[in-house]
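Subject: Structure for you to look at

Hello,

Here is the structure you are taking over. Please open it alongside this email, and then read the notes that follow.

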Amino acid sequence: MHKIALVTLGCPKNQVDSDDLAYKISSAGLVITDNAEEADTFIINTCCFIDDAKKESIETILDLSSHKKDDARLIVMGCMGQKYRKDIEEDLPEVDRVFGVQDHDKVINYLRSRIGSADFSEVSTLKHAQSFEYVKIADGCNRTCSFCVIPSIRGRFRSIERDSIIEKAKRHISTGAKELILIAQDITGYGRDATGSLRDLVNEISQVNGDFRLRLLYLYPTGITNELISTIRDNDRVCSYFDIPFQHIHNDILKAMSRAYTSDQVREIIYKIKKEIPNAALRTTLITGFPGEENEHHEALMNFVKETEFDRLGVFKYSPQEDTASAKMKGQVPDHIKDERFDEIMSLQAGISYELNKKLKGEVFSALVDDIDEGTGIARLESQAPEIDGAVMIDECPEKLKGEFINVRINEAYEYDLKGEIANE
């Protein structure tokens, strides 16, 4: 039986693409395996958003090519396949075929042409749902941020058809998912190229039967309207969690980044959210070391982090990407300064996070148990997104609670994670 291993790199949007491909592979009667040693074909869904992502993609290709069975095939797809197809074909002879981000049907056709009919299965090999599942609601981006390659790789913004989203949401819920995470490069743009809005979509998904919650990821600042804030506030299904990639706070840098807002607008958005939803969790991502960033700009960013006290925060060290405006800008910041500024911001945020976590001690919250490892439950509060935020560690957690909502009392606090116990009340 011919077996296929699917390896996913990069962001949750890539994971959704892989999940969609896995569904098509399984529906076509092909066999998916999680065991790399028994795989006859490897499919690597790559990322090339920043230099570290490109490096990881290349290292994964080389690593798998050195460990795969002699007759196994190696397929590269995704963002790196889209942008660097010719380079991969010329420089990496280990790769048998290269596909782009929208080439799922081409991948299936290629597999069909290379795999004998005896290697097809009549039984679906698609894995069951996790406690959480990503649901992509749009692809591409119309924004012109000077540092970003996404529009050149994934094209212009396109809302995914509403009925398709609802169908996928229902499928995930029916197979056990308790958290659906709506994602896109900018989910606030949903429906602008068609009819409807993110607010309408959220309300419609909320009406699906089942025990689940919704999380919204990647809210572009100017797309956060009063109506959207009200929807998150009033809809019990929706996590009070705002993931807003502000990237910077100083107007000089925001302008150089071609972000369509000012520092005053950033603060107004934060004020509105905290006023309407005092317990909302705020998460952002920042870029340090952007071309032209001087000490005064860095200090403004540090002060912004200090005054806002984000619940969650991630920082990227700027890396110039081919075919972007920022790669050609003057004032490129030396790597050692990027490293220093990165460390300063993360050190500041670690202290803020620890102080915020300490305030949760003794409180009881609803938590979703994602996994159980040797009796220790790994769960998340509404304020914690999977794979990017911390978690709650729960001792003596019964296996039957995996994938379920439970009440947990917080006993210990750390910089990013928490420790708790099952609360029976």
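A term first: a residue is called buried under 20% relative accessible area, exposed over 50%, and partly exposed in between, with a 1.4 Å probe and protein chains only. The model is predicted, so local features need pLDDT of at least 70 and side-chain atom pairs count only at pLDDT 80 or more, while totals for chains, interfaces and linings use all residues. Residues are numbered from 1 along each chain as its sequence is written, and side-chain values use heavy atoms, with hydrogens and water left out.

Most residues other than glycine have a negative phi. Glutamate 396 has a positive phi, near 50 degrees. Its relative accessible area is 73%, so glutamate 396 counts as exposed. You will find glutamate 396 in the loop that runs between strand E16 (392-394) and strand E17 (405-413). Strands, marked E, are DSSP runs of at least two residues, numbered from the N terminus.

Glutamate 374 also has a positive phi near 50 degrees. This residue lies in the loop between strand E14 (364-373) and strand E15 (376-381). Glutamate 374 is exposed because its relative accessibility is 80%.

The strands around glutamate 374

Two strands pair if DSSP finds at least two bridges between them. Together E14 and E15 make a hairpin with two residues between them, and glutamate 374 is in the turn. Across this pair, alanine 367 faces leucine 381 of E15.

E15 also pairs with E16, again in the antiparallel sense, here over three bridges. In this pairing, alanine 379 is opposite valine 392 in E16.

A parallel sheet

Elsewhere, three strands form an open sheet with parallel pairing, in the order E11-E12-E13. Which strands are at the edges? They are strand E11 (241-243) and strand E13 (312-317), each of which pairs on one side only. On average, neighbouring strands of this sheet are turned by 15 degrees against each other, direction ignored. For that angle, axes are lines fitted to C-alpha atoms, and angles run from 0 to 180 degrees between N-to-C directions.

E11 pairs with strand E12 (residues 281-288) in the parallel sense over three bridges. To see this pairing in the model, look for phenylalanine 242, which stands opposite leucine 282 in E12.

Regards

Key
Helix = DSSP H or I, 4+ residues; strand = E, 2+ residues; numbered from the N terminus.
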